[in-house]
Amino acid sequence: MHRISEWSSGRRDDRPRKVWVGRKRVGGELGAAVGVMLALLLSRTAAAHPEYQRSLVLNTGRAVNCAYCHTSADGPEGTGLGQIGRLSPSELEQLGRARAALQPGAGVESPILNAFGNHILNVVGKARILELRLAPQELAGALPAGSDLDADGIEDAEEYRDGTHPLIDSDGDPIRLFRHNLGRYAWQIVLTFAATVLGLWGLKHLLDGFEILARRPEDGETTTRGK
Ligand SMILES: [Ca+2]
Ligand SMILES: [Ca+2]
């Protein structure tokens with residue numbers, strides 16, 4: 001820093017003053033750069049947890065992307081819809097509050113998370129989410145029993161274990177979805193079946209009626225010939 005100041009001034013009599021100014025300026029720039037790098041690092045650490053996605057893919061073999069917990073399938077970093085670069089000032093404040101929700105029950109709503117991501121944040125808390133990055137599969141055990149966000153009959157924790165989506169009611173174990181939907185739409189199925197049977201019965205009798213009508217002239221002709 002001393003040399004930089006000497007080269008920039010070209011004078012040696014005012015060296016102490018220039019040395020001090022140069023050190024301050026370079027130190028300030030360096031500090032700002034370090035600050036930006038630190039902020040970016042912290043931002044990435046706080047915003048994205050790819051460990052969970054990797055664990056889901058590895059343990060379930062399913063093609064799970066960031067949309068499992070985030071608004072954007074490409075994750076929170078970027079300028080696309082639902083990504084940090086596109087957030088409004090009020091949404092950035094919302095994001096800040098969500099990131100500060102270290103304990104469960106904060107009742108926050110992060111604009112970069114979907115309903116499942118926000119559900120995890122509010123029932124588990126940010127601190128536990130950060131801890132579980134070392135054992136992402138254990139997140140299922142931290143989710144509350146009985147919670148079924150998409151109401152497809154499969155609890156969120158089970159969907160997480162299976163790698164199916166907790167917000168898509170058509171995504172889940174096929175047999176369990178079939179049973180659930182069978183029970184859910186039982187009356188509709190019974191009524192549809194009854195309507196189909198009655199419709200076929202009515203159609204058959206209608207066709208029978210047409211057939212009888214079609215035969216009548218022939219019967220008349222036969223009777224005439226017989227006379
Ligand atoms: Ca479900
Ligand atoms: Ca589902």
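Which residues have the most contacts inside the largest nonpolar core? They are Y68, C69, I120, L121 and L139, in a core of 20 residues. A nonpolar core is a set of buried Ala, Val, Leu, Ile, Met, Phe, Trp, Tyr and Cys residues joined through C-beta atoms within 7 Å.

## Model and confidence

This is a predicted model, in which local features need pLDDT of at least 70 and side-chain atom pairs count only at pLDDT 80 or more, while totals for chains, interfaces and linings use all residues. Residues are numbered from 1 along each chain as its sequence is written, and chains are lettered from A and ligands numbered from 1 in the order in which they are written.

The protein chain averages a pLDDT (the predictor's confidence in each residue, from 0 to 100) of 83, and 74% of the residues score at least 70. Over residues 1-22 pLDDT stays under 50, and the model has 14 contacts beyond four places in sequence for them. Residues 35-47 also have pLDDT under 50, with five contacts beyond four places in sequence. Two residues are in contact if their C-beta atoms, placed from the backbone, lie within 7 Å.

## Overall fold

The protein chain has ten helices and zero strands. Helices (H or I, at least four residues) and strands (E, at least two) are DSSP runs, numbered from the N terminus. Of the 227 residues, 20% count as buried. A residue is buried if 20 or more other C-beta atoms lie within 10 Å of its own, exposed if 12 or fewer, and partly exposed in between, with C-beta atoms placed from the backbone. Among contacts with a separation of 6 or more, 34% join residues 24 or more positions apart.

## Core and helix α5

The elements that give two or more residues to the 20-residue core are α3 (50-60), α4 and α5. Helix α5 gives the most, with three residues. Core residue L139 touches Y52, L132 and Y160, not counting residues up to four places away in sequence.

In α5 (residues 115-124), the buried residues are F116, G117, N118, I120 and L121. They pack against α4 (89-99), α6 (126-131) and α8 (156-162). An α-helix has 3.6 residues a turn, so residues three or four places apart point the same way.

## Positive phi values

Just after α5, G125 takes a positive phi of about 90°. A151 has a phi near 55°, positive in a residue other than glycine. Most residues other than glycine have a negative phi. A151 is found in the loop between α7 (139-142) and α8, and A151 counts as exposed because it has 9 C-beta neighbours inside 10 Å.
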